[in-house]
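Subject: Structure handover

Hello,

Here is the structure you asked for. My notes follow below it.

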Amino acid sequence: MDVKERSQEPDYDTRFGRAIARGILFGVPLMLVGLTLAIWIITDNDLADSFATAFLPGVLLGVFGGGFAGMAAAME
């Protein structure tokens, strides 16, 4: 296969990787802020304690949900 022919093919792996990374970069802050505010409003904790409580679940949900949304967006 010639280099010129190969450059015309779409690079699906790179496109999927970029879409998943964009989803994760969007999902993690969104989930951190959302969970922090929800915990802050529901409980009597102050904002710092609410952030500490929401940190691990927010990161995990943001990575999982953002990666899934990025993968779904990259599909044809």
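Is Ser-50 buried or exposed? Ser-50 is buried, because its relative accessible area is 0%.

Two notes on how to read the rest. This is a predicted model, in which local features need pLDDT of at least 70 and side-chain atom pairs count only at pLDDT 80 or more, while totals for chains, interfaces and linings use all residues. Residues are numbered from 1 along each chain as its sequence is written, and side-chain values use heavy atoms, with hydrogens and water left out.

The chain as a whole

The chain has three helices and zero strands, and its pattern along the sequence reads α-α-α. Helices (H or I, at least four residues) and strands (E, at least two) are DSSP runs, numbered from the N terminus. Of the 76 residues in the chain, 18% are buried. The chain exposes about 5,800 Å², and carbon and sulfur atoms supply 69% of that area. Accessible areas come from the Shrake-Rupley method with a 1.4 Å probe; for residues, only the protein chains shown count as cover. Among contacts with a separation of 6 or more, 60% are between residues 24 or more positions apart. A contact means heavy atoms within 4.5 Å.

Helix α2 and what it packs against

Helix α2 covers residues 12–42. With 31 residues, α2 reaches 43 Å from its first C-alpha to its last, which is close to the 45 Å expected at 1.5 Å a residue. The expected span is 1.5 Å times one less than the number of residues in the helix.

Which residues of α2 are buried? They are Ala-19, Gly-23, Gly-27, Val-28, Leu-32 and Thr-36. These buried residues pack against α3, the helix of residues 47–74.

Thr-36 and Ser-50 show this packing from both sides. Thr-36 is in helix α2 and counts as buried because its relative accessible area is 7%. Leaving out residues up to four places away in sequence, Thr-36 touches Leu-47, Ser-50, Phe-51 and Ala-54. Ser-50 lies in helix α3.

Arg-18 is found in helix α2 and counts as exposed because its relative accessibility is 56%. Arg-18 and Gly-70 are 52 residues apart in sequence, and their C-alpha atoms are 8.2 Å apart in space. Leu-61 lies in helix α3 and is partly exposed, at 42% relative accessible area. Beyond its neighbours within four places in sequence, Leu-61 is in contact with Met-31, Leu-35 and Gly-66.

The aromatic pair

How many aromatic pairs does a search of the whole structure find? The search finds one. The pair is Phe-51 and Phe-55: the ring centres are 5.8 Å apart and the planes are at 55°, so the pair is tilted. By the rule used, rings of Phe, Tyr and Trp (its six-membered ring) pair if their centres lie within 6.5 Å; planes under 30 degrees apart count as stacked, over 60 as edge-to-face and the rest as tilted.

Both residues lie in helix α3, four residues apart, which is about one turn of the helix. Phe-51 is partly exposed, at 40% relative accessibility, and Phe-55 is partly exposed, with a relative accessible area of 42%. The C-alpha atoms of Phe-55 and Val-28 are separated by 9.7 Å, and the two residues are 27 apart along the chain.

The nonpolar patch

Val-33, Leu-37, Trp-40, Ile-41, Ile-42 and Leu-47 make a nonpolar surface patch of about 630 Å². One of the patch residues, Val-33, is found in helix α2 and counts as partly exposed because its relative accessibility is 48%.

Regards

Note on methods:
Buried means under 20% relative accessible area, exposed over 50%, partly exposed in between (1.4 Å probe, protein chains only). Patches are made of residues with over 30% relative accessible area and no salt bridge: like charges are joined within 9 Å, nonpolar side chains (Val, Leu, Ile, Met, Phe, Trp, Tyr) within 5 Å. A salt bridge is a side-chain nitrogen of Lys or Arg within 4 Å of a carboxyl oxygen of Asp or Glu.
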